[in-house]
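Subject: A structure for you to look at

Hi there,

Here is the structure I promised to pass on. Have it open while you read, and my notes follow below.

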Amino acid sequence: MSTAPTPPGSHQQPGPGSPTGPFPPPPPHPPRRGWFARQSESVRITIVGAVIAGVFSLGSAVLTAALTDKGDDASDAKPSAQPSPTVTTGTPAPTTTAPEPPSRVSSDAPSSPPQEPGGSGESSADESAPPADQAYEVFYDKQTMSLGLPPGSDLGTIDFDAPGTHRYTDDEWAVLEEKADSGSLVEADLTYRQSFYGILTLQNGRNAAQLQPTDPSEKAEDCARAARVGGFTEAKMHEWDLPAKTVFCVVTDKGNIARVVITGFIGGDSGTTGEPPTQIGLRVTLWKPRA
């Protein structure tokens, strides 16, 4: 009698104590691969590079906006005049200031005032006179002099450089003036003429300043500085508006500095029109520029 095979479902599973042991667990299911993982290696590299570039671009834009923003108003933000430096760390790169162009750089040196062409003797005195801060030495000190007023058309002159006085006729003086027109200055620094008015005149090629009698300085440098400023050209002595102790500082045609003090008057009548003093008393100190 044949025995029919037992169907598979009727077999009993061996127990734990069975020598054959339990059945092994089934193999795990393979993980599900996403869209990025299913791409090829070259595509994944391209995607990663694009993401990194985007992150850096966004960071640079945010940093630039932070550096250029000066306020809440958009109009307050001023773009930099120079291209932004490449930022490699979180610290902004220092900016440099362009040097100022040479045309805007100021100079401490004093500028000379412009001179009008064709001026009088004052411009010549400025050219021949030494600087006011130059050192000087005394040529003569407090020399007593007197400038007289000749009658008629004659004139009296005084030259502080010599020193000396001289009387000229009108014709003699006209000859000297013709020579002066050709470039040779007359020797006289001051002239005194016209018996009615008594005109005291500073000659061309000199510069002079009239100081008040209360000016105390007797230093060469102070007198030179005042003389270069100038201001005096002539005075009509019949008006008697130059009192005694009036001081003149004169730059002569030789570039020397004369300090001239009026000590008094002889002749004339201050209460009568047309009666100027016939003599002007002077006390003169002359300095020469030290070589």
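What covers the buried residues of α5?

Residues are numbered from 1 along each chain as its sequence is written, and side-chain values use heavy atoms, with hydrogens and water left out.

The chain averages a pLDDT (the predictor's confidence in each residue, from 0 to 100) of 74, and 58% of the residues score at least 70. Over residues 70–128 the pLDDT is below 50, and this stretch has 30 contacts in the model beyond near neighbours in sequence; a contact means heavy atoms within 4.5 Å. Where pLDDT is low, the predicted coordinates should not be read in detail.

The chain has five helices and 10 strands. These are DSSP runs numbered from the N terminus: helices are H or I with at least four residues, strands are E with at least two. Of the 291 residues, 27% count as buried, where buried means under 20% relative accessible area, exposed over 50% and partly exposed in between (1.4 Å probe, protein chains only).

Now back to helix α5, residues 220–229. Its buried residues are Ala220, Cys223, Ala224, Ala226 and Ala227. They cover an arc of only 165° around the axis, which puts them on the same side of α5; the arc is that of the directions from the helix axis to the C-beta atoms. An α-helix has 3.6 residues a turn, so residues three or four places apart point the same way. The cover over the buried residues of α5 includes β1, β6 (207–211), β8, β9 (257–266) and β10 (279–289). Just after α5, Gly230 takes a positive phi of about 75°.

Next, the open sheet. Five strands form it in the order β3-β2-β4-β5-β7, with antiparallel pairing; two strands pair if DSSP finds at least two bridges between them. β3 and β7 stand at the edges with a single partner strand each, so one side of each is left without a neighbour in the sheet. From one strand to the next, the twist averages 15°. β2 and β3 pair over five bridges in the antiparallel sense, and Leu155 has Tyr168 in β3 as its bridge partner. Helix α4 packs on the sheet, touching β2, β3 and β4 (190–193), and its direction makes about 110° with that of β3. For such angles, axes are lines fitted to C-alpha atoms (for helices over the stretch in contact), and the angles run from 0 to 180 degrees between N-to-C directions.

Finally, a few backbone details:

- A cis peptide bond joins Ala162 and Pro163, with omega about -15°; Pro163 is in the loop between β2 and β3.
- Lys142, in strand β1 (residues 136–148), is not a glycine but has a positive phi of about 50°. At 45% relative accessibility, Lys142 counts as partly exposed.
- Trp240 has a positive phi near 55° and is in the loop between β7 and β8.

Happy exploring!

Conventions. This is a predicted model: local features need pLDDT of at least 70, side-chain atom pairs count only at pLDDT 80 or more; totals for chains, interfaces and linings use all residues.
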